[in-house]
Amino acid sequence: MTVSSSLNAGISGLTANATRLATIADNISNAGTIGFKRSQVDFSNQVLQQTSSAFSAGGVRVEAFRDVAATGPLITTNGETDLAVAGRGLLPVTDFQGVDLNAGQRELSLLPTGSFEEDENGYLRTRSGHFLLGWPADELGNIGNINRSSGTDLQPVNVSTSQFVAAPTTQINLGSVNLPAELTESDSSGTPVDLPIEYFDNLGRSQTLTLRYTPVVPATGSSNQWQVEIFDNAGDPTVSIGSLDVTFSDAAATGGRIDTATAAGGATYDAATGNLSINVANGPIDIFIGTPGGTSGLSQLAAPFSPAGITRNGTPIGDLQSINVDERGFVQAVFNTGFRRTLFQVPVADVPNLNGLEAQNGQAFSLTGSSGDLFLWDSGAGPVGTIESFTLQESNTDIATELTDLIETQRSYSSNAQLIRTVDEILQETTNL
């Protein structure tokens, strides 16, 4: 009966607009909530079976969803670990239970922004209980091979293990060290030159290696040869822990570069890599002196003794001062010695249909069949935005738009109520007949 279908259509209209009214109320009440994504409704008509002589009103259906794809404005804060994604993408997080579970059992959620703070156990978490996830870095700050299609390699970001840190020196690069060519001539005094180099032992203490370069003075002409002895003040500073005999070329194409190098006294030399390997008190150290014919490392030219660009890895003992997250998503511990150590890399999560994510408490979202498969990008790579520190993302609710929608909803609700009232009067007239 078409009159009854009209009544049902009016009731569905009331229900649909009541749902829209609820989303508007939710949006307005959360207009000041950091990271809130406004709710929207999608109306669609229902078509009942019809004939040429009769029309049945199917009414309207409503579906509510969160507009996750729309981003709110970014605001600057004073918190180093206040994080927001500037553009598309979300931050991976987990809940209280997920901290103690392995990756296969952990619940993975996604968060557009968060004010993360270090808790009593060293984890970075929001006050609503979302714990930041990232890929752990090794001692050199490398992430290694990780699975980007799931959260199996993600771990809760914990910074307490870096309260005090020290890393021993294992590699020294001489950069560019020129030995004066005139010191290997027959009229030279043969006075050696010393090159002290600082390194750090296993306990973070500063130690010194001394490389003593002694020229080989010939009876006539120029030898272009040097003897190098290495001393370690962590042991007996008067006893050499390794030596090297090096000859420099005087050919037109390779003049001043290493021609041959032979190690002895406990040291070894690899001509392919240019590394001189020695053993100090705390373990082995590789010193890059250069390869035969190479342009870096040791050289012998008619110029003063000039060591430059000498570098080494390792760090002294340092006290943790702050935690910094850079635009690439690397979580770094900053120590009072000026050293920075990379602890984690926080990726930016993306799915094909952001609006298909399911809303959870605390502005978080979870994956669904409608959202599509997860992919974890590096910050700023592919379609995703960059991770910004000292930044939070405001709600994407616009009050003016919500008030306009509120007026429209009120009118639509009144119209459907009037439709039901009219159908009721028609049915009353039919009953009276």
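This is a predicted model: local features need pLDDT of at least 70, side-chain atom pairs count only at pLDDT 80 or more; totals for chains, interfaces and linings use all residues.
Residues are numbered from 1 along each chain as its sequence is written, and side-chain values use heavy atoms, with hydrogens and water left out. Local features need pLDDT of at least 70 and side-chain atom pairs count only at pLDDT 80 or more, while totals for chains, interfaces and linings use all residues.

Colleague: Which helix supplies the largest share of the nonpolar patch?

Modeller: Leu21, Ile28, Ile399, Leu403 and Leu406 form this surface patch, with about 370 Å² of accessible area together (Shrake-Rupley method, 1.4 Å probe, only the protein chains shown counting as cover). Patch residues have over 30% relative accessible area and no salt bridge, and nonpolar side chains (Val, Leu, Ile, Met, Phe, Trp, Tyr) are joined within 5 Å; a salt bridge is a side-chain nitrogen of Lys or Arg within 4 Å of a carboxyl oxygen of Asp or Glu. Helices (DSSP runs of H or I, at least four residues) and strands (E, at least two) are numbered from the N terminus. Both α1 (2-29) and α3 (399-432) give at least two residues, but the largest share, three residues, comes from α3.

Colleague: How does leucine 21 count by its relative accessibility?

Modeller: Buried means under 20% relative accessible area, exposed means over 50%, and partly exposed is in between (1.4 Å probe, protein chains only). Leucine 21, in helix α1, has 42% relative accessibility and therefore counts as partly exposed.

Colleague: How many residues has the largest nonpolar core?

Modeller: A nonpolar core is a set of buried Ala, Val, Leu, Ile, Met, Phe, Trp, Tyr and Cys residues joined through side-chain atoms within 4.5 Å. In the largest one, Leu174, Leu209 and Tyr213 are among the residues with the most contacts inside it. A second, separate core of 23 residues includes Leu132, Leu320, Val325 and Val384. The count for the largest core is 30 residues.

Colleague: What kind of pair do the rings of phenylalanine 96 and phenylalanine 131 make?

Modeller: Rings of Phe, Tyr and Trp (its six-membered ring) pair if their centres lie within 6.5 Å; planes under 30 degrees apart count as stacked, over 60 as edge-to-face and the rest as tilted. These two rings have centres 5.3 Å apart and planes at 75 degrees, so the pair is edge-to-face.

Colleague: Is phenylalanine 131 buried or exposed?

Modeller: Ring pairs link Phe96, Tyr123 and Phe131 into a cluster. Phenylalanine 96 is partly exposed at 46%, whereas tyrosine 123 is buried at 19%. Phenylalanine 131 has 4% relative accessibility, so it counts as buried.

Notes:
Patches are made of residues with over 30% relative accessible area and no salt bridge: like charges are joined within 9 Å, nonpolar side chains (Val, Leu, Ile, Met, Phe, Trp, Tyr) within 5 Å.
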